[in-house]
Amino acid sequence: MRRGLIAWSKAELPEAALAARVARAQVAMGQAGLAALLCYSNNTRPAAASYLCGFVPYWSEGVMLLPREGSPYLVVALSKRVATWIEATSRVARVISTGRFGAEAAKAIAAAGGGTVGVADLDNFPAGIASDMRGAGATLADATALFAELRAAADPAELALGARAAAIAHAALARISGAEADTGAAIAAVEDHARVSGAEECYVSAAPDLAHDRRLLRIEGRVALGASYAIRATVAYKGTWVRLARTLVRDPARADLPRKAAERFAAAVASLPDTAGFAGMTSWLIEGCRIAQPLEPLAGARLATPHALEPGRLVTVQATLEIDGVPIVLAAPALIGAAGAPAALLVPPVF
Amino acid sequence: MLRDERRRRLADAMSEARIDALVVYGNAWQGDYLRYASDFGILEGSGIAIVTADGRAELFLDSATEIERAEGETSGLALNLAPDLAHAVAKHLARLGNRRIAAAPQRFLPSYLADPGRGFALEDGTALFDRLLMHKVAAEHDALRRAAAIADEAYLVFREAAQPGRRQYELTAAVEAFLRRKGCPDNFMILGSGGKDVLGMTPPSDRLVAAGDLVTTELTPAIEGYYAQICRTLVVGRANDAQRRAHALYLEALEAGIAAVRPGATAADVARAENDVFRKHGFGDYVTDQYTRVRGHGLGLFADSKPHILEDVHTNLVPGMAIVVHPNTYHPEVGYMVLGDSVLVTETGAEVLTRTPRELFETGV
């Protein structure tokens with residue numbers, strides 16, 4: 001459950017930016033004949049609602065409802081006592097707190113005149129809430145494609161928040177001195193910096209000994225760090241998520257390998273949306289936010305059906321490549337170039 | 001091994017209920033059912049495990065990052081990266097034909113799977129699963145004891161961090177860094193600071209801790225996925241008489257609640273014991289849902305498990321259950337105050353797991 005700083009900074013996410021997103025959504029809703037747009041939110045699927053109103057639940061769940069005209073509002077299972085907190089962290093007209101929020105949401109829609117409710121990611125909408133809403137008379141339709149198109153290209157506010165998240169993750173990973181004895185010390189250094197810098201969330205994973213296992217795991221207990229190891233920081237900042245990974249090679253004679261790998265990585269990123277540059281790498285993955293999951297897999301070595309990497313989309317790229325027989329794990333956020341511009345990393349990889 | 005014991009208990013429960021397959025959903029908020037069935041502590045996206053009566057389990061995850069983690073952190077499972085989770089699971093279930101399939105927690109299942117047009121019917125297996133989650137075995141108690149011990153240590157870090165001039169989120173950062181340094185991968189915590197203006201606890205804000213503030217927190221670290229919780233209140237500076245009187249009320253209520261924990265009692269009995277103390281002292285209005293949510297709750301693979309400790313929850317307490325008893329609520333003279341300890345239900349009463357003194361601590365003095 002989320003325990004970082006959840007706050008709405010009007011300087012970083014201006015009301016005008018949220019209003020512009022809402023206005024674009026309402027135009028699309030009008031064209032699709034929807035009376036309302038519904039975005040379900042919990043702390044693992046917060047991104048659709050937060051895109052339109054900034055709301056991020058630290059736990060529990062709720063729905064954001066956007067009528068064809070006017071501001072979005074929230075119907076949530078969180079208690080009435082935190083309604084003030086929700087109002088302070090979100091741009092919404094009102095907050096309705098109730099246990100059976102599906103039925104309450106349906107009632108609110110009916111009171112506003114009814115009509116078809118478009119649900120972003122309807123197939124994954126929790127069955128119990130869908131059932132409660134339908135039971136209360138709501139007509140639900142799939143608005144996944146509508147929503148995905150709306151938020152494909154990052155607007156200036158999302159880019160700025162992504163850049164801030166990337167800067168936090170970069171500085172946090174740079175806190176690893178290389179002298180740490182075990183994963184506990186390295187992970188604590190990264191997480192402490194990220195949270196003190198105002199991260200909304202920080203997940204740190206590690207591959208403690210790349211010679212034995214290249215997978216980045218959530219470590220329980222304290223594991224000794226090997227001759228080469230990788231640490232990945234997944235950082236959320238005011239609703240925008242990025243990942244950065246850093247590989248450290250202890251042998252001074254080989255300490256330059258991560259830099260060499262970073263050059264190849266940056267070259268492959270620059271050619272996106274063409275992914276041919278990753279072909280020689282051991283593994284690669286591109287993630288980004290389409291609907292509600294902050295970092296959804298979009299393309300990668302293991303993905304049979306990739307999504308389009310639209311111009312202007314904010315993504316996180318991860319790759320593992322071997323340099324002189326040493327596996328190097330890298331990750332950094334990038335912007336897919338718009339209007340013929342090449343893709344570019346938001347921050348350089350840490351090495 | 002705990003993982004194997006859980007799978008055996010699950011298989012036994014399915015066999016007893018004559019269920020051929022169980023569909024188990026999870027995400028990082030409601031991850032307990034999935035962790036129990038698959039031993040995977042999900043962090044991002046959603047996951048579904050399909051457990052069949054022969055004990056085999058298959059895990060579907062929609063995050064590519066998570067599937068890599070599952071490959072390294074679990075064993076004895078077939079793993080599937082399924083970005084289109086609902087459709088991938090539906091395809092798999094369709095192959096099970098007309099066998100008896102249940103789902104848990106059914107309410108959270110993707111709506112696509114619950115559609116009657118899918119060609120399979122999913123019964124509600126949530127109650128079956130809830131019994132397994134609530135009635136814990138010795139290895140689970142051991143994990144909870146270790147989680148409680150680290151909660152005590154983390155509260156000490158919190159006390160030291162809660163100094164005037166620090167922002168709330170810096171307190172959280174200090175606790176989280178401590179836990180990661182100790183190798184504890186997860187924690188749930190909310191907090192509050194201030195006076196009568198503070199109605200409850202939330203995630204940290206950028207509010208500065210100030211002299212005279214009551215600083216509340218519930219810390220809930222997890223060991224092997226099992227969460228134990230401690231709730232304490234401190235004062236920045238010297239506690240005043242009103243704060244001391246208020247704390248004495250919460251202490252009396254906590255002690256009454258813990259004294260009510262025993263086999264045969266219900267969650268309602270524990271809640272009533274706590275609330276009666278408030279009513280006796282003329283603060284009965286402050287045990288309603290206008291000022292408080294629950295008077296405690298279950299502990300385990302979810303930080304807010306069943307049973308909820310409320311006067312209308314009549315779940316029987318049985319040996320092996322773990323709960324936190326916390327008469328947390330608003331006090332009209334001083335603001336929101338918390339005090340709570342994790343306990344195990346034993347054959348004779350309660351074993352208190354958290355050991356931090358039940359004091360109104362003073363810091364920055």
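Strand E11 of chain A (residues 296-300) is mostly covered, with four of its five residues buried. A residue is termed buried if 20 or more other C-beta atoms lie within 10 Å of its own, exposed if 12 or fewer do, and partly exposed in between, with C-beta atoms placed from the backbone. Strands (E, at least two residues) and helices (H or I, at least four) are DSSP runs, numbered from the N terminus. The model is predicted: local features need pLDDT of at least 70 and side-chain atom pairs count only at pLDDT 80 or more, while totals for chains, interfaces and linings use all residues. Residues are numbered from 1 along each chain as its sequence is written, and chains are lettered from A and ligands numbered from 1 in the order in which they are written.

E11(A) is joined by four bridges to strand E10 of chain A (residues 283-288), and the two run antiparallel. Two strands are taken to pair if DSSP finds at least two bridges between them. Within this pair, A:Ile286 has A:Ala299 of E11(A) as its bridge partner. Chain A as a whole contains nine helices and 14 strands. Its C-alpha trace spans about 70 × 45 × 35 Å along the principal axes. Of the 351 residues of chain A, 56% are buried. Among contacts in chain A between residues at least 6 apart in sequence, 61% join residues at least 24 apart. Two residues are in contact if their C-beta atoms, placed from the backbone, lie within 7 Å.

Chain B has ten helices and 17 strands. Its radius of gyration is 22 Å, close to the 21 Å that the globule rule gives for 365 residues, so chain B is as compact as a globular protein of that length. Taken along the principal axes, the C-alpha atoms of chain B fill a box of roughly 70 × 40 × 35 Å. Buried residues make up 58% of the 365 in chain B. For contacts in chain B between residues at least 6 apart in sequence, the share that joins residues at least 24 apart is 65%.

Helix H7 (residues 138-161) has 24 residues and reaches 35 Å from its first C-alpha to its last, close to the 34 Å expected at 1.5 Å a residue. The expected span is 1.5 Å times one less than the number of residues in the helix. Buried positions in H7(B) include B:Leu144, B:Ile150, B:Tyr155 and B:Phe158. Helix H9 of chain B (residues 241-259), with 19 residues, should span 27 Å, and its end C-alpha atoms are 27 Å apart, which agrees. Among the buried residues of H9(B) are B:Gln243, B:His247, B:Tyr250 and B:Ile258.

Strand E7 of chain B is mostly covered, seven of its nine residues being buried. E7(B) pairs with strand E8 of chain B (residues 214-223) in the antiparallel sense over nine bridges. B:Gly194 has B:Leu214 in E8(B) as its bridge partner.

Four strands of chain B form an open sheet in the order E11-E12-E15-E16, with antiparallel pairing. Strands E11 (296-298) and E16 (350-352) of chain B are the edge strands, each pairing on one side only. Neighbouring strands of this sheet are turned by 30° against each other on average, direction ignored; the axes are lines fitted to C-alpha atoms. Strand E15 of chain B (residues 341-345) is joined to E16(B) by three bridges, and the two run antiparallel. B:Leu344 stands opposite B:Glu351 in E16(B).

B:Tyr330 lies in strand E13 of chain B (residues 329-331). This residue counts as buried because it has 20 C-beta neighbours inside 10 Å. Leaving aside neighbours within four places in sequence, B:Tyr330 is in contact with B:Leu199, B:Tyr286, B:Tyr291, B:Gly335 and B:Tyr336.

The contact between the chains takes 50 residues from chain B and 52 residues from chain A. On the side of chain B that touches chain A, the elements giving two or more residues are helices H3 (64-73), H4 (85-94), H5 (111-114) and H8 (168-181) and strand E7 (186-194) of chain B. H8(B) gives the most to this side, with eight residues.

Key: Axes fitted to C-alpha atoms, helices over the stretch in contact; angles between N-to-C directions. Rg over C-alpha atoms; globule rule 2.2 N^0.38 Å.
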